[in-house]
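Here is a briefing on strands and pockets. Look over the model first, then read the points below.

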Amino acid sequence: MEYREKDTLSNLKKSYEEIPVPSSAHNAVLEGIRKGKKEKRITTMIKITKRSVLTTAAAVSVIAIMANASPVTANAMEEIPIISSIAKVVTFRTFEDSSDRYEAKIEIPKVSLDQKDNTSVNRSIEDYANQFIGEYEKQITDNLTEGGHYSVTSGYEVVTDNTKYLSLRINTTVIMASGAEYVKIFTIDKTSGEVISLTDLLHKDNMILSNISDNIKMQMEKQMAEDDSKIYFSKSEENVEGFKGIKGDESYYFNEKGEIVIVFDEYEVAPGYMGVVEFTIPKSVTGY
């Protein structure tokens with residue numbers, strides 16, 4: 001019985017395989033295969049296209065972030081059509097001179113916002129640089145060094161570049177017998193395109209300026225108490241000319257946390273060996 005069943009199934013299978021396939025059915029099967037392959041290719045192409053679009057979009061986002069975060073990066077990428085620099089700082093001109101006893105190298109930057117030169121800001125920057133150039137030329141003309149050496153070097157860096165503000169820091173060192181460091185920071189409101197002073201930033205609120213002054217004094221006292229090598233010109237009965245407080249025209253910038261950092265020139269609030277000094281003001285004091 002078992003063998004007959006196997007023989008029967010085998011014969012049925014053989015008979016089924018020998019059934020002739022009509023040409024119309026054969027062609028329909030082939031057409032179905034072709035359509036299936038075509039649809040698969042289209043689906044694959046759609047997937048690849050979607051991945052390409054997403055990848056391109058991600059790349060554009062990364063490039064845009066890089067361009068906004070660093071003026072140097074923005075300058076390098078300015079030839080890319082899809083990128084437009086929000087803020088860019090480049091060297092406008094460099095004043096250089098050198099002789100046996102005199103030497104100068106003063107880099108003068110230029111600021112542009114939305115690919116347009118910021119005329120008023122750039123004029124202020126150039127006026128500031130011209131003060132050092134004028135003094136240098138006076139030293140040579142009047143021979144004020146009396147046989148000594150005189151040099152001035154000035155460069156710049158961007159210390160803040162966020163959605164609201166651009167802070168351009170100019171560092172200048174003048175050497176004549178001894179050296180002196182000067183810092184000037186131009187903080188620019190990107191909306192108005194104008195330099196915004198500390199007073200204007202704080203909406204002329206004298207109470208906040210007073211609170212910042214008190215905070216700086218507290219930081220000075222704390223640093224001197226913790227480190228004997230630090231000395232500040234703090235106001236006291238013995239030192240009437242000590243630091244009284246800020247006026248609102250001081251150089252400042254924003255750090256990565258959005259806190260205001262106030263900068264003082266060498267000798268301004270401390271002895272020369274302390275160099276340029278900075279004080280970070282907590283947001284609880286400024287309200288920022």
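**Hairpin, sheet and pockets**

β1 and β2 form a hairpin with three residues between them. The model is predicted: local features need pLDDT of at least 70, side-chain atom pairs count only at pLDDT 80 or more, and totals for chains, interfaces and linings use all residues. Residues are numbered from 1 along each chain as its sequence is written, and side-chain values use heavy atoms, with hydrogens and water left out.

**Strands**
- Strands (E, at least two residues) and helices (H or I, at least four) are DSSP runs, numbered from the N terminus.
- Two strands pair if DSSP finds at least two bridges between them.
- β1 (residues 87-98) and β2 (residues 102-113) run antiparallel, joined by 11 bridges.
- Thr91 has Pro109 in β2 as its bridge partner.
- An open, antiparallel sheet has three strands in the order β7-β8-β9.
- Its edge strands, β7 (251-254) and β9 (277-281), each pair on one side only.
- Four bridges link β7 to β8 (residues 260-264).
- Tyr253 stands opposite Val261 in β8.

**Pockets**
- A pocket is an open set of points on a 1 Å grid over the protein atoms alone, where a 1.4 Å probe fits, with protein on both sides within 12 Å along at least five of seven lines; lining residues have an atom within 4 Å of a point.
- The largest pocket holds about 390 Å³ of space, the volume being the space filled by probe spheres set on grid points joined across faces, edges and corners.
- Of its 18 lining residues, Asp249, Glu250, Phe264, Asp265 and Glu268 are the closest to the centre.
- β6 (178-189) and β8 each supply at least two lining residues of the largest pocket.
- The second largest pocket has a volume of about 160 Å³.
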